[in-house]
Amino acid sequence: MGRSIIHKRPVGDEGAPNLANYAEACHAFRWDAARAELAGLPGGGINIAHEAVDRHVAEGRGDRVALRLIARDWRVRDIRYAELATLGSRFAHALETLGVGRGERVFTLLGRVPELYVAALGTWKRGAVLCPLFSVFGPEPIRARMAIAEPAVLVTTAQLYRRKVAPIRDQLPYLRTVILVDGGEGGLDWKTLLDAAPDRYETARTAAGDLATLHFTSGTTGRPKGAMHVHEAVVAHRITARYALDLHEDDLFWCTADPGWVTGTSYGIVGPLSIGCTLIVDEEEFDAERWYRILEEQRVSVWYTAPTAIRMLMRAGTDLPARHDLSALRFIASVGEPLNPEAVLWGERTLGLPIHDNWWQTETGGIMIANYAAMDIKPGSMGRPLPGIEAAVVRRTERGVEPVDAPDTQGELALRPGWPAMFRGYLKEDARYAKCFVDGWYLSGDLARRDADGYYWFVGRADDVIKSAGHLIGPFEVESVLMEHPAVAEAGVIGVPDAVALETVKAFVALNPGFEPSEALRSELLAHARKRLGPAVAPRAIDFRPSLPRTRSGKIMRRLLKARELGLPEGDLSTLEESA
Ligand code: ATP
Ligand code: MG
């Protein structure tokens, strides 16, 4: 899509804009040097909790605010680095007292409340493995994930326990201990446990490759997989938070992702804390007015969010942002789904800043490809690989995999393994893990192309790509063109079987307020798409929907659109539960 480039003025530290000289930074980059920037445990080893919190206390920054938590009722609680270190130590001690050994799994099922952050840090300190679950999950997704990970401990609230865990408790034989942050029946009382624990705890001397975190994927393409991550991942979280999010110690940083998803942990806890900045945490779910108010009142300087949220803000109109002072905002980034060019430009127009897309996966643990602050943006592009990351567009052949060097050629997005945040396996799915690697490349399952300037463009999930009359059509390009039309708030595009063309393109669209489905609008959208995309790529059919099916993390689920369209089974229960 030939769109205008957004040129950037250098930003970042005075005189030293972040990645101002990209080529040189890539050339000079060494993971060992990034690793050497960590504090390391006294006596050796790497532990995420130490790098994220205790290090700052040891170096005299304990007084800085680590977390600013905004409760549903707008009450604000600040937790300083020193307090977070103490609380984490107490929780680690409590785990030890409860007989939780190193490497055992500790699940959290909590909203974005202080105890979630304390439990995460304490679990790492203990040397146990954290698995945060999104609190909106019902009993079946919880059971399915627990069956894979067999946690020894669950930290939750009395209400969540009663509603979602108690009914299935007899199916969780491995679960020895439940801790309820607000006390009550069915578990141990958080406060009693923490009050009884000392303020200091000697952090487990974890090695770089020791397991730290288990993250389940979003389940967009099928049953969620449990990706295993290690303590040295913090090396990558820290450096990529600097490179891709332009984070500095004095930033007020808001990552809107829930820690139940990898973004909410890697960049909602570890990365920003390891840099020493202040994290803004909102307990409430999305609400356009509330979000603008938080941006203004908290003077958020760096904001990391997702396309689905941006689309909802776009749908909410321009009056709201106009009524708020967003002058503290310096940098906005997005991840999780393709960011339509329209959304990047909306950011520039409405918020005064373009939105910087970046790409990564649960498996990669950290940001791989990004529009970093100093770089000119081509709206619709995911950006360029960060220093230390070797990416390629590859083609699968009978002999294996080979990089496609010609620019603008579609292929599978692959990465050369070796960065510290890379996953170390899918729990209990060794064969699936092994299949991700061919000829020294990690195959992402996403299709992309790279242009002559080295910018990467997302085409679609390998499974979602449409084969029509000899063309390979990426749904993203079609969806982006539909999004250009003022009536369209969201679009999801799939292939439907066709006797002649193999497949034809079908689009599902949700409309903006003020627009109603009609034959006239359908014809207008079809004509718009044909004009912009040409007849071979444009949709043949468009259906209007009040909203599109999504995963719990907000991603459009094309496979569900397709299953419903074709009357196919919608998948097993555990993935069905994911859909909104
Ligand atoms: P599952 O693997 O269970 O099907 P998922 O792939 O959605 O779910 P995640 O690891 O949360 O689980 O998401 C990573 C995927 O999200 C990427 O592989 C890609 O398809 C998509 N994605 C992430 N960021 C971007 C982006 N900037 N542009 C386009 N797609 C993106
Ligand atoms: Mg995936």
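Here are some questions and answers about this predicted model, covering its domains, its ligand and one of its helices.

Me: Into which domains is the protein divided, and how many Å apart do their C-alpha centres lie?
Reply: The protein is divided into domain 1, covering 22-450, and domain 2, covering 464-575. The contact takes 27 residues from domain 1 and 28 residues from domain 2. As for their C-alpha centres, these lie 31 Å apart.

Me: How many residues surround ligand 1, and which are the closest?
Reply: The shell around ligand 1 has six nonpolar, nine polar and six charged residues. Together, 21 residues surround ligand 1. The closest are Thr 220, Thr 221, Thr 362, Arg 461 and Lys 555.

Me: Which strand gives the most to the shell around ligand 1?
Reply: Two strands to look at here are strand 16 (355-359) and strand 24 (456-461), and each supplies at least two residues of the shell. With three residues, the one that gives the most is strand 16.

Me: What percentage of the accessible area of ligand 1 does the protein cover?
Reply: Let's begin with some atom pairs. A nitrogen atom of ligand 1 is 2.8 Å from an N or O atom in the side chain of Asp 357, while oxygen atoms of the ligand are 2.5 Å from such an atom in Thr 362 and 2.6 Å from one in Arg 461. On its own, ligand 1 has 630 Å² of accessible area, and the part that the protein covers is 95%.

Me: Is helix 3 mostly covered or mostly uncovered, and how many of its residues are buried?
Reply: Helix 3 spans residues 48-58. A residue counts as buried when its relative accessible area is under 20%, and in this helix the buried ones include Ile 48, Glu 51, Val 53 and His 56. Helix 3 is therefore mostly covered by that cut-off. Of its 11 residues, the number buried is nine.

Me: Which helices are included in what covers the buried residues of helix 3?
Reply: The cover includes both strands and helices. Among the strands are strand 10 (211-216) and strand 11 (226-230). The helices included are helix 4 (81-97), helix 5 (114-126), helix 9 (233-245) and helix 10 (262-275).

Me: Which residue with a positive phi follows helix 3?
Reply: Let's go from one end to the other. At the start of helix 3, a side-chain oxygen of Asn 47 reaches to within 2.9 Å of the backbone nitrogen of Ala 49. After the helix comes a residue whose phi is positive, near 90°, and that residue is Gly 60.

Conventions. Residues numbered from 1 in each chain as written. Chains lettered and ligands numbered in written order. Predicted model: local features only at pLDDT ≥ 70, side-chain atom pairs only at ≥ 80, totals over all residues. Heavy atoms only, no water. Near = heavy atom within 4 Å. Polar contact = N/O pair within 3.5 Å; in protein donor to acceptor, adjacent residues only side chain to side chain. Areas by Shrake-Rupley, 256 points an atom, 1.4 Å probe, with all protein chains shown as cover. Helix = DSSP H or I, 4+ residues; strand = E, 2+ residues; numbered from the N terminus. Nonpolar A, V, L, I, M, F, W, Y, C, P; charged D, E, K, R; others polar. Buried < 20%, exposed > 50% of the residue type's maximum accessible area, 1.4 Å probe, protein only. Contact = heavy atoms within 4.5 Å. Domains from an automatic or database assignment.
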